[in-house]
Amino acid sequence: MTDHVPADLEAKMLAAAPDIELSFRKMFGGIMGYASETVFASLSNVGLALKLTPADRDRALALPGAVPLRYEPDAPPSKSYVVLPALVVDDAASLHDWISVSVAGLKPKARKA
């Protein structure tokens with residue numbers, strides 16, 4: 001598995017989706033991506049993984065090279081995060097489309113009273 005640089009993945013996401021309000025926070029040696037204050041992306045040495053609805057997850061996993069997120073080879077696969085293949089990450093239009101799909105599938109955060 002190729003080692004990825006989380007900061008480089010963050011830069012690609014920001015360049016691909018300037019119209020989507022994204023923020024990032026360092027966490028556990030990687031970076032977590034947020035939209036509307038909700039986590040939707042994991043950027044780590046494993047790659048760029050997006051949180052997806054079950055239907056979108058199935059579509060993403062059909063892409064050549066896409067795999068369920070696993071931080072360690074013997075860890076169980078994520079049921080909601082998919083590591084996007086290079087053909088998506090390296091294509092700004094495709095990456096924008098998948099970021100949009102992920103953000104659209106997020107549940108709205110409950111408002112504090």
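## Words to know first

Contact, or touching, means that heavy atoms lie within 4.5 Å of each other. Helices (H or I, at least four residues) and strands (E, at least two) are DSSP runs, numbered from the N terminus. A residue is called buried under 20% relative accessible area, exposed over 50%, and partly exposed in between (1.4 Å probe, protein chains only).

This is a predicted model, where local features need pLDDT of at least 70 and side-chain atom pairs count only at pLDDT 80 or more, while totals for chains, interfaces and linings use all residues. Residues are numbered from 1 along each chain as its sequence is written, and side-chain values use heavy atoms, with hydrogens and water left out.

## The sheet

Let's start with the strands. Strands of a sheet pair through backbone hydrogen bonds, either parallel or antiparallel. Here, six strands make an open sheet in the order β1-β2-β3-β4-β6-β5, with antiparallel pairing. The edges are taken by β1 and β5, each with a single partner strand, so one side of each has no neighbour in the sheet. Helix α4 packs on the sheet and touches β1, β2, β3 and β4. The direction of α4 makes about 35° with that of β4 (axes are lines fitted to C-alpha atoms, for helices over the stretch in contact, and angles run from 0 to 180 degrees between N-to-C directions).

Two strands count as a pair if DSSP finds at least two bridges between them. Six bridges join β1 to β2, five join β2 to β3, and four join β3 to β4. You can look for facing residues too: M27 stands opposite G30 in β2, G33 opposite A41 in β3, and S42 opposite A49 in β4.

Over the face of Y34 lies R25, at 4.1 Å from the ring centre (a charge sits over a ring if NZ of Lys or CZ of Arg is within 6 Å of the ring centre and within 35 degrees of the ring normal).

Now look at the turns. β1 and β2 form a hairpin with two residues between them. F28, in the loop between these strands, has a phi near 55°, a positive value in a residue other than glycine. F28 counts as exposed because its relative accessibility is 81%. β2 and β3 also form a hairpin with two residues between them, and S36 in that turn has a positive phi of about 50°. E37 is in the loop between β2 and β3 and has a positive phi near 65°. With a relative accessible area of 58%, E37 is exposed.

An α-helix has 3.6 residues a turn, so residues three or four places apart point the same way. In α1 (residues 6–16), P6, L9, M13 and A16 are buried. They sit on the same side of α1 because they cover an arc of only 90° around the axis (the arc is that of the directions from the helix axis to the C-beta atoms). These buried residues pack against β1, β2, β3, β4, α3 (86–89) and α4 (92–104).

Helix α2 (residues 54–61) has D56, R57 and A60 buried. Their arc is only 105°, which puts them on the same side of α2. On the other side of α2, P54, A55 and D58 are exposed. Among the elements that cover the buried residues of α2 are β5, β6 and α4.

Is S44 buried or exposed? S44, in strand β3, is buried, because its relative accessible area is 6%. Leaving aside residues up to four places away in sequence, S44 touches H4, P6, L9 and Y71.

G47 belongs to strand β4 and counts as buried, at 2% relative accessibility.
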